[in-house]
Amino acid sequence: MKNKGLMITVAVLVIGLVGYGIFQGTRSEKAATTDSDTKKETYRVGVLQLVSHPALDQIYEGIKEGLADEGLEEGKNLKLLFQNGQGDQSKLNTMSQQLVQDKADVLVGIATPAAQALDNNVKKKDIPIVLGAITDPKGAGLVASNDKPGANITGVSDQPPVGEIIQLAKKLLPNAKKVGMLYSSSEMNSQFQVAEATKKAESLGLEVVNKPVATTNEVAQTVQVLAQEVDFVFIPLDNTIANAMETVSQEATKQKLPVFPSVETMVEQGGVATVGISQKELGVQTGKMAAKIAKGESDPATTPIYTFSKGETIVNRAQAELFGINVDQLDSDDTRFVGE
């Protein structure tokens with residue numbers, strides 16, 4: 001009996017040890033699987049761009065760089081879903097719907113109309129949206145306030161220092177009496193900037209002539225008209241005009257009309273000078289914000305809109321010389337020259 005009892009005890013111990021070993025093996029296998037799944041996890045980032053032109057294209061390149069800076073890279077753990085509306089509002093709406101259906105972890109809108117299209121199609125506000133280059137997020141109805149967005153949207157503002165641009169133009173053209181405002185009549189962000197620029201221009205004793213256009217087809221003729229009425233032209237951050245900047249430059253050069261835009265790429269295309277923010281850096285900051293939100297490290301509702309505190313003076317020396325503008329008076333340490 002004792003031997004039989006001993007055998008039963010040994011058998012129970014063996015069964016217990018075997019069971020424990022199987023349990024531990026299963027745990028290890030699950031842990032290995034979990035670790036493997038974590039390493040292979042793929043984030044889906046949807047990007048909707050309004051239209052192709054150098055400024056917005058640079059923002060998109062910056063977004064990819066910013067995502068990579070935060071550890072999200074295509075071919076590793078990032079699936080980038082990119083759509084370009086090419087300036088067509090109906091396409092923006094359709095593409096927004098597609099990005100929502102693709103179940104992106106976070107959506108990015110490059111330019112105000114693209115961001116608004118995304119917002120309109122995220123019905124339950126359950127997908128975070130990051131704004132890439134939105135001049136006035138609150139004015140566009142996208143956030144409750146820039147400091148406390150309050151819902152599923154935050155991002156980066158590309159608000160240029162328009163007052164400084166007007167002041168720079170007046171410094172380079174001390175005898176100027178009239179400034180023309182060239183912008184799209186359909187872009188809310190442009191109207192906001194023009195209002196700010198007008199205040200500064202009038203405070204400097206300049207008379208303001210507004211010349212909004214409905215489409216790019218009106219740009220050449222409008223520049224010709226402005227050349228007869230003003231001493232220089234200011235262009236806000238405006239996608240319609242940016243898309244037609246080559247036309248603006250050609251006509252302005254013919255008419256000997258200096259143009260002061262709000263974006264570096266537009267200076268490179270024939271503008272005289274600006275006080276601007278790097279479009280690439282705007283994109284990088286947007287990409288970083290999108291990555292952190294996708295990873296759950298920040299909440300758009302409590303993440304303030306990011307606004308750059310200082311612009312950089314950028315001068316197209318060749319254009320300045322063409323118009324006989326003396327740029328030697330500018331502080332060389334704070335000025336970057338292009339077009340040389």
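Visitor: Which helix gives the most to the lining of the second largest pocket?
Guide: That's helix α5, residues 162-172, with 4 residues. Keep in mind that this is a predicted model.

Visitor: What makes L168 and K171 lining residues there?
Guide: A lining residue has an atom within 4 Å of a pocket point. L168 and K171 are listed in the lining of the second largest pocket, along with others including E164, Q167 and V275, so each of them meets that cut-off.

Visitor: How much space does the second largest pocket hold, and how does its lining divide by class?
Guide: About 190 Å³, with 3 nonpolar, 3 polar and 4 charged residues in the lining.

Visitor: And what of the largest pocket?
Guide: Its volume is about 370 Å³. L50, P113, S186, E187 and T240 are the closest to its centre, out of 19 lining residues. Helices α3, α4, α6 and α8 each give two or more residues to that lining.

Visitor: How do you know that β4 and β5 are paired?
Guide: Pairing takes at least two bridges. Strands β4 and β5 have 4 bridges between them, so they count as a pair. They run parallel, and G132 stands opposite V156 in β5.

Visitor: Why are β2 and β11 said to stand at the edges?
Guide: The open sheet goes β2-β1-β3-β4-β5-β11, with parallel pairing. β2 and β11 each have a single partner strand, so one side of each has no neighbour in the sheet.

Visitor: What makes you say that helix α4 packs on the sheet?
Guide: Contact here means heavy atoms within 4.5 Å. Helix α4 touches β1, β3, β4 and β5, so it has heavy atoms within that distance of those strands. Its direction makes about 145° with that of β3.

Notes: Residues are numbered from 1 along each chain as its sequence is written. This is a predicted model: local features need pLDDT of at least 70, side-chain atom pairs count only at pLDDT 80 or more; totals for chains, interfaces and linings use all residues. Side-chain values use heavy atoms; hydrogens and water are left out. Axes are lines fitted to C-alpha atoms, for helices over the stretch in contact, and angles run from 0 to 180 degrees between N-to-C directions. On a 1 Å grid over the protein atoms alone, a cavity is a set of points where a 1.4 Å probe fits but cannot get out, and a pocket is an open set with protein on both sides within 12 Å along at least five of seven lines; lining residues have an atom within 4 Å of a point. Grid points are joined across faces, edges and corners, and a volume is the space filled by probe spheres set on the points. Ala, Val, Leu, Ile, Met, Phe, Trp, Tyr, Cys and Pro count as nonpolar, Asp, Glu, Lys and Arg as charged, and the others, Gly among them, as polar.
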